[in-house]
Amino acid sequence: MGVVGMLKVKKVLNNNALIAEHPAYDEVILLGKGIGFNKKAGESISNADAEKLFVLKNPEEREQYLQMLKEIDENFIGIMNDAISFIEDKLGTTLNEHIHTSLTDHLYFALKRLKNGVEIKNPFRFEIELAYPREYAVAAELTEWLEKELSVNIPEDEVGFITLHIHSAISKASIANLTKRTQIVSQLISIVENSLKVTLDRSDINYSRFIRHLHFALDRIESGKYVENAEFLKDVLQKECSFCYSIAWKMIKYMQKQLKKKIPEAESVYLTLHLQRLYNIAQAGTAKVC
């Protein structure tokens, strides 16, 4: 966020962070190595002196960030500011500023758990990677960089959690909603595997497509922008693929229960088509599809 002219120091948070008065945003947080050193309230300061300037408009997030600065080592805060710049450079975009609070807080406690010998497990890592491949690739690179900076081994499961924080900062969706969505997708896969009595090949391209289709379906359901009418296909699939069609409706009933929204029948058609493809592969090319 660009700022023209001089600002006024309101409060020094630590050697590398301070709050400044801003004519348009009331208060902004300035970050940079040594930016708070020997500064006093009321002094003028240029935004050019800061490596990073951001506004936390949400009062709760702002208080959380200020509290975090008191509790977390300054060096770690500095590394996280560099980490967020690393992500923005790789993605070529500016992230929502809440990532300064959410990712810093998450990684600080995740690394603390690792140092205490607590294992980090993410049962949804593979589904997260398939859903957000670009963010996952950046999270993996960031993890390698953090391992060198902090001299710590970070498990691959943690990459999945970092991915969610990155996607949250891009999409402005909350971590809670993204986590719930990932759990829904994982449960939908369980419904499919239990119904077909197979274990789907996670490395197969059709599995990847199915995961993405489920996320697109959830997007449509949550936004209310449904696919075009597919009544002509529904009648055919009900007759010719009754088994796969019944599985599709199991999945829809589960989504309706979790999302508390009515889902149009058109979604059952596209789910059935994906299930048909997966069933074919699982049965190693048997003639009967469903």
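## Helices α2 and α5

Start with α2 (residues 74–91) and α5 (residues 133–150): their axes come within 10 Å and cross at roughly 145 degrees. The model is a predicted one, where local features need pLDDT of at least 70, side-chain atom pairs count only at pLDDT 80 or more, and totals for chains, interfaces and linings use all residues. Residues are numbered from 1 along each chain as its sequence is written, and side-chain values use heavy atoms, with hydrogens and water left out. Helices here are DSSP runs (H or I, at least four residues), numbered from the N terminus. Axes are lines fitted to C-alpha atoms over the stretch in contact, and angles run from 0 to 180 degrees between N-to-C directions.

On the α2 side, the contact (heavy atoms within 4.5 Å) uses Phe76, Ile79, Asp82, Ala83, Phe86, Ile87, Lys90 and Leu91. From α5 come Arg134, Val138, Glu141, Leu142, Trp145, Leu146 and Leu150. Sort them by class and you get 11 nonpolar, no polar and four charged residues. For that sorting, Ala, Val, Leu, Ile, Met, Phe, Trp, Tyr, Cys and Pro count as nonpolar, Asp, Glu, Lys and Arg as charged, and the others, Gly among them, as polar.

## Two partners for α11

Helix α8 (residues 205–223) packs on α11 (residues 266–282) at about 165 degrees, with the axes 10 Å apart. So α8 is roughly antiparallel to α11 (angles over 145 degrees get that label; under 35 is roughly parallel, 65 to 115 roughly perpendicular, and the rest oblique). This crossing is left-handed. Residues in the contact include Phe210, His213 and Leu214 of α8, plus Tyr270, His274 and Leu278 of α11. The tally is nine nonpolar, three polar and four charged residues.

Then there's α10 (residues 242–259), whose axis comes within 8 Å of α11's and crosses at roughly 125 degrees. That makes α10 oblique to α11, in a right-handed crossing. Among the α10 residues touching α11 are Phe243, Trp249 and Met255, and they meet residues including Leu271, Leu275 and Tyr279. Here the count is 12 nonpolar, three polar and one charged.

## Domains 2 and 3

The protein splits into domain 1 (1–57), domain 2 (59–173) and domain 3 (178–285), with bounds from an automatic or database domain assignment.

About 1100 Å² is buried between domains 2 and 3, with carbon and sulfur atoms giving 72% of it. Buried area is the accessible area (1.4 Å probe) that two parts lose on being put together, summed over both. On the domain 2 side, Phe124, Glu127 and Leu130 lose the most area to domain 3, together 51% of what that side buries.

How values were computed
Helix = DSSP H or I, 4+ residues; strand = E, 2+ residues; numbered from the N terminus. Left-handed = near helix turned anticlockwise from the far one by under 90°.
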